[in-house]
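Work through the exercises below with the model open beside you. Try each task before you read its solution.

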Amino acid sequence: MPEHKQLAVATPALPVPDDVLVRRVQAGNTEAFEELVRRYERKVYNITYRLMGNEQDASEALQDAFMRAYRFIGKFQFKSSFFTWLYRIATNVSLSKLRKREKIDTVSIDQPVNEAGDLPFEIPDVKYGPEKLMKQRELRAALQKAVDELPEDYRSVVVLRDLEGLSNEEVSNVLHLSVAAVKSRLHRGRLVLREKLVSYL
Amino acid sequence: MKKRKKQTGECHECDEARELIARYVGGEEDEELARQVLLHAQTCAECATLLRSLKRLVHYCSLEPNCEMPVAVRRELWVTIRREIHTD
């Protein structure tokens with residue numbers, strides 16, 4: 001029986017694990033750092049945007065976060081995952097900028113807009129009519145505004161847990177808090193958010 | 001769970017219930033917790049509303065799409081990154 005020729009099947013290359021890329025960066029490989037940036041730029045932007053509440057500040061925090069990550073990656077000891085470490089930097093940079101901003105801003109330029117109070121809660125579905133889209137946009141804007149107004153301790157937990165989908169354990173690692181503290185802040189943050197968004201819920 | 005009822009029959013300032021509801025909505029898997037919360041919500045309109053609205057809030061948050069990173073923000077990021085890593 002003739003031997004079958006083995007067909008060369010092209011298998012997609014597996015992504016290089018973060019840890020391997022980090023070791024390459026630590027050895028001086030700048031392309032590895034660029035790969036890490038490409039991998040996480042959107043997620044980090046999400047965090048900075050959610051925490052800062054506007055594009056300009058989020059953009060600055062995003063740049064600062066990656067610059068700090070690059071400068072201090074030599075000290076990364078693999079005690080946590082790279083993304084946990086990066087998210088911690090992004091959160092800390094954002095909160096630090098936020099504190100500075102709050103000291104400078106005595107009056108918010110984004111005054112609350114009192115929207116019609118009886119909008120029903122809408123779960124996005126595939127039938128996006130213009131009215132639904134409008135309501136979702138309003139709800140989204142209201143949610144971001146409510147998050148902006150949360151006390152800092154609650155805000156970081158709510159952003160990472162509810163909006164970014166990290167687990168309680170991951171949030172505890174990012175913020176250097178116990179899981180119990182994360183849960184407590186999350187519960188209280190949600191209650192505050194709910195009060196602010198009650199007319200939408 | 002003891003309810004502190006006012007004469008109107010509504011459950012006001014029921015901190016204990018609010019705390020339990022928040023834990024329940026937070027996904028804590030505890031049958032006794034779930035039983036207490038649901039039982040309480042059946043007899044207290046205010047807490048039932050709280051439970052419903054918190055579940056909606058968490059659900060809505062989970063559906064919230066990622067923010068679109070504007071092209072200009074990304075471009076600026078990469079200018080900064082390349083300046084940083086190539087001037088070491």
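**Exercise 1.** Among contacts in chain B between residues at least 6 apart in sequence, what percentage join residues at least 24 apart?

*Solution.* Begin with the ground rules. This is a predicted model, in which local features need pLDDT of at least 70, side-chain atom pairs count only at pLDDT 80 or more, and totals for chains, interfaces and linings use all residues. Residues are numbered from 1 along each chain as its sequence is written, while chains are lettered from A and ligands numbered from 1 in the order in which they are written.

Two residues are in contact if their C-beta atoms, placed from the backbone, lie within 7 Å. Now take the contacts in chain B between residues at least 6 apart in sequence: 45% of them join residues at least 24 apart.

**Exercise 2.** Which elements give two or more residues to the side of chain B that touches chain A?

*Solution.* Start with the whole contact. Chain B brings 27 residues and chain A brings 33 residues. On the chain B side, the elements that give two or more residues are helix H1 (15–25), helix H3 (45–63) and helix H4 (71–86). H4(B) gives the most, with nine residues.

Then sort by class. Ala, Val, Leu, Ile, Met, Phe, Trp, Tyr, Cys and Pro count as nonpolar, Asp, Glu, Lys and Arg as charged, and the others, Gly among them, as polar. The chain B side holds 13 nonpolar, six polar and eight charged residues.

Finish with one residue. Val73(B) is found in helix H4 of chain B. Val73(B) counts as buried because 22 C-beta neighbours lie inside 10 Å. Leaving out residues up to four places away in sequence, Val73(B) touches Tyr45(A), Glu55(A), Ser59(A) and Leu62(A). Of these, Ser59(A) and Leu62(A) are among the buried residues of H3(A).

**Exercise 3.** At what angle do H8(A) and H1(B) pack?

*Solution.* First, look at H8(A). This helix covers residues 179–197 and has 19 residues. It reaches 26 Å from first C-alpha to last, close to the 27 Å expected at 1.5 Å a residue. The expected span is 1.5 Å times one less than the number of residues.

Second, the packing. H8(A) and H1(B) meet at about 105°, with axes 9 Å apart. That makes H8(A) roughly perpendicular to H1(B). Axes are lines fitted to C-alpha atoms, for helices over the stretch in contact, and angles run from 0 to 180 degrees between N-to-C directions. Angles of 65 to 115 degrees count as roughly perpendicular.

Third, the residues. H8(A) uses His187(A), Arg190(A) and Leu191(A), and H1(B) uses Arg18(B), Glu19(B), Ala22(B) and Arg23(B). By class, this contact has two nonpolar, one polar and four charged residues. His187(A) and Arg190(A) are among the buried residues of H8(A).

**Exercise 4.** How many residues of domain 1 of chain A are in contact with domain 2 of chain A?

*Solution.* Then count: 12 residues of domain 1 of chain A are in contact with 14 residues of domain 2 of chain A. On the domain 1 side, helix H2 (30–52) and helix H4 (82–104) of chain A each supply at least two residues. H4(A) has the largest share, six residues. This side divides into five nonpolar, five polar and two charged residues.

**Exercise 5.** Is Phe78(A) buried or exposed?

*Solution.* Locate Phe78(A): the loop between H3 and H4 of chain A. Count its neighbours. Phe78(A) is exposed, because 11 other C-beta atoms lie within 10 Å. Now check its backbone: phi is positive, about 65°, although Phe78(A) is not a glycine.

How values were computed:
Helix = DSSP H or I, 4+ residues; strand = E, 2+ residues; numbered from the N terminus. Buried ≥ 20, exposed ≤ 12 C-beta atoms within 10 Å, placed from the backbone. Parallel < 35°, antiparallel > 145°, perpendicular 65-115°, else oblique.
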